[in-house]
Each structure stands twice: as structure tokens, then as C-alpha cells.
Amino acid sequence: TPIKGLSMRIYYGINEGSDETKKNKQNLATFIGYKGKEFSLGAEYNLYKNDGNVEGNDMSGFSIYGSANLNKNTSIYARYDNLSSKDNWNEAKEESAIIAGLQFKLGKYVKIAPNFRMNMPKMDGADNRYMGYISCYFGL
């Protein structure tokens, strides 16, 4: 946190292959975000190398998200995700997604968040999926 409200994070992990024929899995994750009194913004990038311990089975993704307070008890939020595989080796799981919604604070321990989600597969011929959710939070 070099500046008040600003956070940065870098993570790297490695899982060794079980024998000489297996490649090491590697994961690199980066994040930068800002949280102010009335809004927050964030972005992250993830790189996953050698999925299944197979060389070249690499995937990467990024996310951008934010929220803003509309008043004391209501906020709006949105997120965009994008997942890709190197040379389309895992095309069936490649997609972009959007989430957007409102959050209502109904009391000290209760929040309700109706939201809309859209998944957009990258594979040719795949249809977009549209979903509506109501997320609930009950805390103590």
C-alpha cells in the first residue's frame, strides 16, 4: 500500500511435476486496486503455465472491476473477466464474462444484491448465456 487506498500485490507459485516427464505448473498473479470513500477500482492479471503438468498448456486471464456508493445504503458494481488459452488449446473453456448489479444494505447484518451475468464463450458457434441472480449476505 504505497499510497493511502492503493493496494498492489504480486504472487508467484510453482508446483513441481511428479517425475521427469511432467512439467512444473506455475502461477503468476498480479493485482492493483484503489479503495476510496465513495468508490473502488481494481484490476488483476493471472498466468497459469503447464496446466495438467503439460508443457505449453498455458492459460491467462484478466479482470477489471469497480463499485460506487450511490447513497448510504446502496451501491452499484460491475466486473469484466477474460480467460484465454495459449494457441487455443483449451478453447472450450475460453470466455469473457460481465457481472453488474446493485447492492442494498437492509440493516447492519443484511445485504441483498440483485445482479445480471453474461458469459460469452469464444468458441465458434457457442451461444452467450444470460443469467439473473440475487445474492444475499447475512452476518453476525
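**Side-chain pairing**

Modeller: Lys 23 and Glu 55 form a salt bridge in which the closest N and O atoms are 3.8 Å apart; the term denotes a side-chain nitrogen of Lys or Arg within 4 Å of a carboxyl oxygen of Asp or Glu. Lys 23 lies in the loop between strand S1 (6-15) and strand S2 (25-35), and Glu 55 in the loop between strand S3 (39-49) and S4, so the pair ties together parts that are 32 residues apart in sequence. Strands are DSSP runs (E, at least two residues), numbered from the N terminus. Lys 23 is partly exposed, at 36% relative accessible area, while Glu 55 is exposed, at 58%. These classes are set with a 1.4 Å probe on protein chains only: buried is under 20% relative accessible area, exposed is over 50%, and partly exposed lies in between.

The structure is a predicted model, in which local features require a pLDDT of at least 70 and side-chain atom pairs a pLDDT of 80 or more, whereas totals for chains, interfaces and linings use all residues. Residues are numbered from 1 along each chain as its sequence is written, and side-chain values use heavy atoms, without hydrogens and water.

In total, the structure holds five salt bridges. Another of them joins the side chains of Asp 58 and Lys 86, at 3.9 Å from N to O. Asp 58 is in the loop between S3 and S4 and Lys 86 in the loop between S5 and strand S6 (95-107), so parts 28 residues apart in sequence are tied together by this pair. Asp 58 is buried, with a relative accessible area of 6%, whereas Lys 86 is partly exposed at 42%. Both residues also belong to a salt-bridge network that includes Lys 49.

A salt bridge also connects Glu 95 with Arg 129, with the closest N and O atoms 3.4 Å apart. This pair links distant parts of the chain, Glu 95 being in strand S6 and Arg 129 in strand S8, 34 residues apart. Glu 95 is partly exposed at 22% relative accessibility, and Arg 129 is partly exposed at 40%.

Charged groups also meet aromatic rings. The charged end of Arg 117 sits over the ring of Tyr 133, 4.0 Å from its centre, and Lys 111 lies over the face of Tyr 137, 5.4 Å from the ring centre. The criterion is NZ of Lys or CZ of Arg within 6 Å of the ring centre and within 35 degrees of the ring normal.

Phe 62 is in strand S4 (residues 59-71) and Tyr 80 in strand S5 (residues 74-85), so the pair ties together parts 18 residues apart in sequence. Phe 116 and Tyr 130 form a stacked pair, at 6.4 Å and 25°. Here Phe 116 belongs to strand S7 (residues 110-121) and Tyr 130 to strand S8 (residues 129-138), so parts 14 residues apart in sequence are tied together. Phe 116 is partly exposed at 39% relative accessibility, while Tyr 130 is exposed at 53%. Rings of Phe, Tyr and Trp (its six-membered ring) pair if their centres lie within 6.5 Å; planes under 30 degrees apart count as stacked, over 60 as edge-to-face and the rest as tilted.

Terms used. Helices (H or I, at least four residues) and strands (E, at least two) are DSSP runs, numbered from the N terminus.
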